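Subject: Structure for you to look at

Hello,

Here is the structure I said I would pass on. Please open it first, then read the notes below it.

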Amino acid sequence: MSADVKTQPETRREPGAVRAVADHARGYLAKVRSGEVGALPAVTGIIALCVFFGAVEPVFLSVGNLENLFGQGAAVACIAMGLVFVLVIGEIDLSAGYASGVCAAVMAVLLTERGLPWPIGIGAAIATGVAIGLLLGAIVVKLGIPSFVVTLAAFLAFQGVVLIILDEGKNISINDETVKAIAGGNLERWQGWALLAVTVAAYAALQLSRWRRRRGRGLAHDPLAVVCARIAALAALLTATVFLLNLERSANPQLVSLTGVPIVVVVLGALFVLWSFVLHRTRFGRHLYAVGGNAEAALRAGVAVDRVRITAFVICSGMAAVGGIVAASRAASVDPNTGGSNVLLLSVGAAVIGGASLFGGKGTVRAALLGGAVVAIINNGMGLMGLSAGVRFGVTGAVLLLAAGVDAMSRGRGALFGRH
Amino acid sequence: MLLELSRVSKSFGPVEVLSEVDLAIDAGEVCALVGDNGAGKSTLVKCIAGIHGVDGGTIAVDGRARDISGPRDAAALGIEVVYQDLALCDNLDVVENMFLGRERLHGVVLDDDAMEQLAAETLDGLAVRTIRDLRQTVASLSGGQRQTVAIAKAVLWNSRLVILDEPTAALGVAQTRQVLELIRRLADQGLAVLYISHNLNDVFAVADRIAALYLGRMAAVLDAADATQSQVVELITSGRSGALGLTETNGART
C-alpha cells in the first residue's frame with residue numbers, strides 16, 4: 001500500500017472527497033509503514049505489559065493498584081510533558097529532575113518553616129521553575145553553549161541548591177492539607193461522573209464541529225463513522241476508568257473508605273489538555289516544531305527562533321516545578337532526594353518511549369503520558385513481583401533503548417520510503 | 001519596470017563582487033540570470049532580497065528607488081526568494097510550511113482550515129496536480145514536489161517578483177520539466193520571475209531574457225529568442241561574444 005502511494009505521486013489531489021472508512025484505515029497503515037508510528041509502540045507496550053503483569057501477579061490488575069499507578073507515575077509524567085517541549089526543538093534538559101527538587105524544597109520551606117498559605121507555596125515553586133527555565137534557556141540561546149552541557153552543569157548545581165535550601169539535607173514534612181490532597185486526595189464519586197460527562201461532551205462537540213466545518217469548506221475530512229468511533233472510544237475508556245476508580249479500594253472499608261477518581265488524575269488530564277492545545281493549536285506550538293525541524297528555515301520564515309527556544313526551556317522547568325509539587329505532595333515531605341536519583345532519566349525515557357525524538361522536530365504531550373504510563377507500569381509490576389531495584393533499573397533501561405531503537409528505525413524507514 | 005537595478009555595486013572588504021550592475025525585470029516575464037561560479041549571482045540576489053545592503057547604485061521597484069534593508073522590506077515590496085536549499089521544515093506538512101511565519105489566526109488559535117483552503121486554492125491556481133495530500137509532511141515528498149511547495153509558498157503572499165535560486169539543480173528530468181512549466185505559469189499569471197541557473201537548456205526552455213554576469217559585471221542582457229547557446233556560453237566564460245559583452249574584460253571599464 002505504502003509503495004503504491006509513494007510511487008504514484010502524480011495522482012490528483014481531491015479536496016472534499018469523503019474518504020471511506022477502509023481508505024482511512026489503509027491511510028493509517030501506510031503512515032505507520034512509512035515510519036510515522038505515533039503512539040502505536042507505547043500503546044502496544046502498555047497492553048502487553050498489563051497482560052504480562054496481570055498474568056504473573058493478579059494483584060497488579062486490582063483497583064487499588066490502578067490508583068497506585070497514577071500516583072507513582074504522576075511526577076515523572078509531569079516532568080516528561082515539559083521535556084517534550086525541549087525535545088521538540090532538538091535540545092535536552094538534564095536538570096529537570098533536580099529543578100523539580102529545588103522547586104519542591106522552596107515550597108516546603110515556605111509552607112512548613114514559614115507557615116505561609118498554600119497558594120504562595122505553589123506559586124513560589126512554579127515561579128522558581130520559570131526562573132530556572134529562563135536562565136537555562138538564555139544561556140543556551142544567547143551564549144550558544146549546547147543544552148547538554150548547560151543542563152548537565154545545572155544538574156550538578158541544583159543538587160547542591162537542594163542541599164543548601166534543606167540545610168544540608170534535612171527532611172521537611174508537608175502538613176498543608178491542600179497540597180497533600182494533590183497526590184493524595186480523591187474526588188467524590190459524583191464529581192468523577194460529572195467530570196466525565198463534561199469531558200466527553202466537550203470532546204464530541206469539538207470533533208463534530210471540526211468535521212462539519214471541514215466538510216462545509218470542502219476540505220478532506222474523516223468519515224463521520226470514524227469521528228463517532230473516536231468519540232465512543234474516548235467515552236468508553238473514560239467511563240471504564242471512572243467506574244473502576246469509583247469502586248471501594250480500601251483493604252478495610254469499615255475503617256476507612258477509599259473511593260473516587262484521584263485528584264492527580266484530574267491534574268494530569270488538565271495539563272495534558274492545556275499543553276496539547278499550546279503545542280498543536282497555537283502559533284507558538286507550530287513554531288516550536290518548525291524550529292525543531294529546520295531552524296534555518298524557521299528563521300527565514302520570520303519565526304522568532306530565540307524566543308521560541310527560551311520559552312521551551314521555561315515550560316520545561318515550569319513543568320518540572322509541577323512535577324516537584326506532585327512528588328512532594330505524594331511523599332508528604334521533601335528531602336534531598338526529591339527529584340533526584342532516577343527521576344530525570346525516567347522522565348526522558350517516558351518522553352522517548354512515548355514517541356518524542358531526541359533528534360528534534362517530533363513529540364507530543366500524549367507521548368509523555370503514554371511513555372510515563374509504560375515506565376510506571378514496569379516499575380510497579382516488577383515491584384509487585386518482588387524483583388530487586390537492580391533488575392528494575394536494568395529492564396527500564398532496556399525498554400528505553402528499545403524505544404530509542406524504534407525512533408531510529410522509524411526515521412530510517414521515513415528516509416527509505418518517504419523520499420525518492 | 002517592476003524592478004530596476006542601476007549601477008549596483010557591492011564589495012566585501014577589498015573584493016568587489018558586484019560592479020555597477022544594471023538589470024531590469026518587467027511583470028510577466030522570466031529573466032534568467034546566468035554566470036559562472038563566483039560571477040556574483042548569489043550576491044546580486046541577496047542584495048535584491050535585502051540580505052546584503054548595496055554599496056552603490058539604486059534598486060527601484062515600480063520606478064521608485066527603495067531602501068531594502070531586510071527580508072521583511074523585500075517581502076513588503078512583493079519580492080520573494082526561493083532558496084536553493086529550499087528552506088522547508090521536513091517535519092511540517094505542506095500547509096504548515098506554506099504558512100510558516102505568517103499563520104492565519106482565529107483569536108489565539110491557528111485557523112488551520114482557512115490555511116488549508118488557501119493553500120489548496122493557490123496550488124490549484126498554479127495548476128499543480130502533483131501534490132495529492134496537503135496534510136502529508138514535506139519529508140515524504142519528492143524533490144520536485146518539495147520545489148513546488150517552496151515556489152507555491154513564495155506566490156502565496158501577493159508577491160510580484162519571485163526569485164528562484166537554482167530550482168532544478170537537484171531534480172530529475174521529468175521533475176525539472178514540471179518545475180519549468182510552473183515557472184512559465186508564474187510569468188503567465190503576471191509575476192516577474194528572476195531565474196538563476198547553470199543549465200542553459202533549462203534557461204532557453206523557460207526564459208524570455210537572459211542576463212549574463214561575468215566577474216561581477218553585467219556582460220549582456222539578451223532576448224532569449226535571438227540568442228544562441230554558444231553566445232551565452234561565451235558571455236559566461238569570457239564576458240564577451242562577438243560584438244556583444246564587455247569590451248574590456250581585464251577589470252578596467254571603457
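Two strands count as paired if DSSP finds at least two bridges between them. One such pair is β11(B) and β12(B), which run antiparallel and are joined by six bridges. Within this pair, Leu213(B) has Met218(B) of β12(B) as its bridge partner. Please keep in mind that this is a predicted model.

The hairpin of β11(B) and β12(B) has two residues between the strands, and Leu215(B) there takes a positive phi near 50°. As for burial, β12(B) is mostly covered, with five of its seven residues buried.

The six-stranded sheet of chain B

Strands β11(B) and β12(B) belong to an open sheet of six strands in chain B, in the order β6-β9-β10-β3-β11-β12 and with mixed pairing. Which strands stand at the edges? They are β6 (79-82) and β12 (217-223) of chain B; each has a single partner strand, so one side of each is left without a neighbour in the sheet. From one strand to the next, the twist averages 20°.

At the β6 end, β6(B) runs parallel to strand β9 (residues 161-165) of chain B, and four bridges join them. Ile79(B) has Leu161(B) in β9(B) as its bridge partner. In general, strands of a sheet pair through backbone hydrogen bonds, either parallel or antiparallel.

Helix α6 (residues 173-188) of chain B lies across β3 (30-35), β9 and β10 (192-196) of chain B, and runs at about 150° to β10(B). Helix α8 (residues 229-238) of chain B packs on the sheet as well, where it touches β3, β11 (209-214) and β12 of chain B. The direction of α8(B) makes about 25° with that of β11(B).

In the loop between α8 and β13 (240-241) of chain B you will find Gly239(B). Is Gly239(B) buried or exposed? Gly239(B) has 25 other C-beta atoms within 10 Å. The cut-off for a buried residue is 20 or more, so Gly239(B) is buried. Gly239(B) also lies 5.3 Å from Tyr214(B), C-alpha to C-alpha, although the two are 25 residues apart in sequence.

The four-stranded sheet of chain B

Chain B has an open sheet of four strands too, in the order β2-β1-β4-β5, with antiparallel pairing. The edge strands are β2 (15-25) and β5 (64-66) of chain B, each with a single partner strand, so one side of each has no neighbour in the sheet. Direction ignored, neighbouring strands of this sheet are turned by 35° against each other on average.

Strand β1 (residues 3-12) of chain B pairs with β2(B) over seven bridges, in the antiparallel sense. For an example to find on screen, Glu4(B) stands opposite Ala24(B) in β2(B). Helix α1 (residues 41-49) of chain B lies across β1, β2 and β4 (56-61) of chain B, at about 65° to β2(B).

Helices of chain A

Two packed helices are described by the angle between their axes and the distance between the axes. Helix α8 (residues 177-184) and helix α14 (residues 305-331) of chain A pack at an angle of about 95°, with their axes 7 Å apart. Angles of 65 to 115 degrees count as roughly perpendicular, so α8(A) and α14(A) are roughly perpendicular to each other. On the α8(A) side, the contact is made by Val179(A), Lys180(A), Ile182(A), Ala183(A) and Gly184(A). On the α14(A) side are Ile325(A), Val326(A), Ser329(A) and Arg330(A). By class, this contact has five nonpolar, two polar and two charged residues.

Helix α15 (residues 343-354) of chain A has 12 residues and spans 16 Å from its first C-alpha to its last, close to the 16 Å expected. The buried residues include Val343(A), Leu344(A) and Ile353(A). After α15(A) comes Gly355(A), with a positive phi near 125°.

Where the chains meet

How many residues of chain B are in contact with chain A? There are 29, and they touch 33 residues of chain A. The elements that give two or more residues to this side of chain B are β8 (109-110) and α4 (112-125) of chain B. The largest share, four residues, comes from α4(B). This side of chain B divides into 13 nonpolar, seven polar and nine charged residues.

Regards

Methods
Residues are numbered from 1 along each chain as its sequence is written. Chains are lettered from A and ligands numbered from 1 in the order in which they are written. This is a predicted model: local features need pLDDT of at least 70, side-chain atom pairs count only at pLDDT 80 or more; totals for chains, interfaces and linings use all residues. Two residues are in contact if their C-beta atoms, placed from the backbone, lie within 7 Å. Ala, Val, Leu, Ile, Met, Phe, Trp, Tyr, Cys and Pro count as nonpolar, Asp, Glu, Lys and Arg as charged, and the others, Gly among them, as polar. Axes are lines fitted to C-alpha atoms, for helices over the stretch in contact, and angles run from 0 to 180 degrees between N-to-C directions. Angles under 35 degrees count as roughly parallel, over 145 as roughly antiparallel, 65 to 115 as roughly perpendicular and the rest as oblique. A residue is buried if 20 or more other C-beta atoms lie within 10 Å of its own, exposed if 12 or fewer, and partly exposed in between; C-beta atoms are placed from the backbone. The expected span of a helix is 1.5 Å times one less than its number of residues.
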